[in-house]
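I opened this notebook to record what I looked up in one structure. The entries follow the order of my reading.

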Amino acid sequence: MKREINQGPKIYFEKKTVQAMIDIYYKQYKDDEHLIEKEDVENYAMSRLNYCRFGEEKPTCKVCPVHCYKKSYKEKMQKIMRYSGPRMMIYHPVMSVEHFVKEWRFKRRK
């Protein structure tokens with residue numbers, strides 16, 4: 001049984017947020033090796049979001065009850081998010097606040 005690709009506005013926002021974080025992280029590198037790594041991480045993250053079991057109800061990755069990334073990608077994304085998270089307020093302040101609010105609302109529901 002194949003799942004439908006998630007295409008709603010909330011998943012679209014998650015994709016934009018993850019893409020922005022990946023862009024911020026890899027902006028510090030200029031070599032081809034990191035460019036290939038960036039494309040790989042982007043493709044993997046987008047495929048995970050496309051087929052996320054939570055769909056439009058997906059929480060932020062930090063508070064998600066299901067960690068769907070393989071170990072190697074999970075470690076890489078944690079590194080990317082730790083680096084990019086604080087910088088999101090500089091490069092994408094509105095997106096950063098929306099992401100924080102989404103995470104806060106999910107925590108409140110529990």
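Entry 1, the model. I note that this is a predicted model, in which local features need pLDDT of at least 70, side-chain atom pairs count only at pLDDT 80 or more, and totals for chains, interfaces and linings use all residues. I number residues from 1 along each chain as its sequence is written, and side-chain values use heavy atoms, with hydrogens and water left out.

I located lysine 38 in helix H2, residues 32-50 (helices are DSSP runs of H or I with at least four residues, numbered from the N terminus). Is lysine 38 buried or exposed? Lysine 38 counts as buried because its relative accessibility is 19%, and buried means under 20% relative accessible area, exposed over 50% and partly exposed in between, with a 1.4 Å probe and protein chains only. Leaving aside residues up to four places away in sequence, I found lysine 38 touching Ile22, Asp23 and Tyr26 (contact means heavy atoms within 4.5 Å).

I looked up the largest nonpolar core, which has 19 residues; Val18, Ile22, Met77 and Ile80 touch the most other members. Helix H1 (9-26), H2 and helix H3 (71-91) each supply at least two residues of this core, and H1 gives the most, with 8 residues. Such a core is a set of buried Ala, Val, Leu, Ile, Met, Phe, Trp, Tyr and Cys residues joined through side-chain atoms within 4.5 Å. Beyond residues up to four places away in sequence, isoleucine 80 touches Met21, Ile22, Tyr25, Tyr26 and Val41.

I placed arginine 87 in helix H3. Arginine 87 has a relative accessible area of 29%, so I recorded this residue as partly exposed. The C-alpha atoms of arginine 87 and methionine 21 are separated by 8.6 Å, with the two residues 66 residues apart along the chain.
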